[in-house]
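Please examine the sequence and the model shown here. The report then describes the surroundings of the ligand.

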Amino acid sequence: MQRTVSTTRAIGVAQRVSGFTYAIRNIVAEAKKVEATGRTVRYLNIGDPIPFGFHTPPHLVDAVAGAMRDGQNGYTPSPGILSARDAVARDFTERGFPSTPDRVLLTSGTSEGIELALGALVDAGDEVLVPVPTYPLYTAVLAKLGAKTVFYRTDPARDWQPDLDHLRSLITPRTRALVLIDPNNPTGAVYPRETKLALLELAEHHNIPILSDEVYGDLAYDGPVEPLGRLAPDAAVIAFSSLSKAYLAPGWRGGWMVVGRTPRLDGVLAAIKKLADGRLCSPGPMQFAIAAALTGDRSHQTTFRTELRTRAELTVSRLSAVPGLSCVMPRGAFYAMPKVDLPAGKTDEDYILGLLRATGILCVYGSGFGTDPADGFFRVVFLASPDQLAAIYDDMAAFTSDFLRTA
Ligand SMILES: Cc1ncc(COP(=O)(O)O)c(C=O)c1O
């Protein structure tokens with residue numbers, strides 16, 4: 001029998017969700033409104049190479065399809081299949097950060113690794129040092145945990161390198177982790193060895209673990225970046241990566257994390273494994289692509305890096321030529337963080353929403369990555385073809401000139 005519904009009151013939402021923001025996807029709602037008016041939107045908001053014509057290497061597709069056909073469609077052990085964990089451990093060991101399969105976990109993308117590690121490290125009210133601008137998952141997860149993001153500056157005047165003095169001044173007894181993203185999203189920065197050694201020294205001095213986001217590690221234009229842990233194999237480093245970017249398979253959600261060999265991390269490793277048990281496993285068939293990726297042909301990366309450098313150079317030369325715009329040259333990944341000299345009272349969001357409505361070009365405002373809305377930064381994903389990018393930058397130049405004249 002159907003019961004009478006006696007109230008129309010909305011069901012409440014947990015308070016902490018209000019702090020969970022992810023501008024890269026949130027802004028799509030605005031783009032859909034623009035599309036509804038009949039205008040084509042050019043999406044430069046999400047770092048996914050696939051819609052721009054880049055292809056997943058066939059031997060990885062074969063590995064996944066083969067696994068499915070072989071009946072590998074059940075749950076896997078929660079840390080992931082041994083053959084893939086072994087391949088990850090060997091790969092890190094060969095690159096100078098010694099590891100063993102028991103300190104590797106396969107995760108649903110780098111994203112889940114980040115979430116598991118923060119979940120294992122951070123209590124409500126604890127602090128985590130995060131670069132600004134940052135990839136916004138860090139701030140979002142910390143908001144969910146009731147923890148505090150403490151931003152350390154990176155400096156556009158110095159190729160977006162971290163401001164070490166600022167970072168040092170932010171450490172407190174509640175600091176539980178330091179996040180390093182190298183190569184960086186959203187700035188495209190690649191950190192020199194001296195910078196990473198200084199960060200390691202600082203973190204070790206205070207016994208703070210470093211969460212080393214290496215998802216773009218193979219996409220620095222001058223060649224793969226060494227894992228952070230190579231510089232200090234006994235430091236408290238947890239490294240993250242995935243098939244998403246350098247292996248062109250973001251939808252597979254095939255990621256991994258390596259917990260450094262220091263016994264100081266044993267408790268954290270056990271806590272991460274405990275949390276991982278609760279989510280059963282990362283997508284099973286995709287785990288079979290990991291060994292194929294790490295032990296097989298990587299020649300697609302050489303081509304991809306060249307394509308990315310070409311687009312980065314085009315982006316910087318075209319945008320820097322626009323009066324009122326400036327842009328630091330990225331050294332890796334597929335992002336640039338240009339700056340528009342905003343008139344007083346205007347925000348980065350005003351500029352980006354204006355650009356979207358006038359031209360259909362969708363970028364993400366810098367404040368979505370933690371910068372001050374008045375600073376005028378925004379992020380461009382430059383995966384489109386050079387011809388498409390050239391047309392996009394023409395339209396951006398025309399809009400910028402109108403925006404700055406009429407603002
Ligand atoms: C710096 C950074 N970390 C992590 C991720 C998440 O990647 P994944 O697809 O491996 O979860 C991204 C995705 O854009 C990223 O830019």
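This is a predicted model: local features need pLDDT of at least 70, side-chain atom pairs count only at pLDDT 80 or more; totals for chains, interfaces and linings use all residues.

Residues are numbered from 1 along each chain as its sequence is written, and side-chain values use heavy atoms, with hydrogens and water left out.

The shell around the ligand holds 14 residues, of which S111, N185, D213, Y216 and S244 come nearest; a residue is near if one of its heavy atoms lies within 4 Å of the molecule. Helix α5 (residues 109-121) supplies the largest share of this shell, three residues. Helices here are DSSP runs (H or I, at least four residues), numbered from the N terminus.

| Side chain | Ligand atom | Distance |
|---|---|---|
| D213 | nitrogen | 2.6 Å |
| S244 | oxygen | 2.6 Å |
| R253 | oxygen | 2.7 Å |

On its own the ligand has 400 Å² of accessible area, and the protein covers 94% of that area. Accessible areas come from the Shrake-Rupley method with a 1.4 Å probe.

H166 is found in helix α7 (residues 164-169). Is H166 buried or exposed? H166 counts as buried because its relative accessibility is 17%, and buried means under 20% relative accessible area (1.4 Å probe, protein chains only). The side chain of H166 also reaches the backbone nitrogen of R153, at 3.1 Å.

Conventions: A polar contact is a pair of N or O atoms within 3.5 Å; within protein, one must be able to donate a hydrogen and the other to accept it, and residues adjacent in sequence count only if both atoms are side-chain atoms. Helices (H or I, at least four residues) and strands (E, at least two) are DSSP runs, numbered from the N terminus. Buried means under 20% relative accessible area, exposed over 50%, partly exposed in between (1.4 Å probe, protein chains only).
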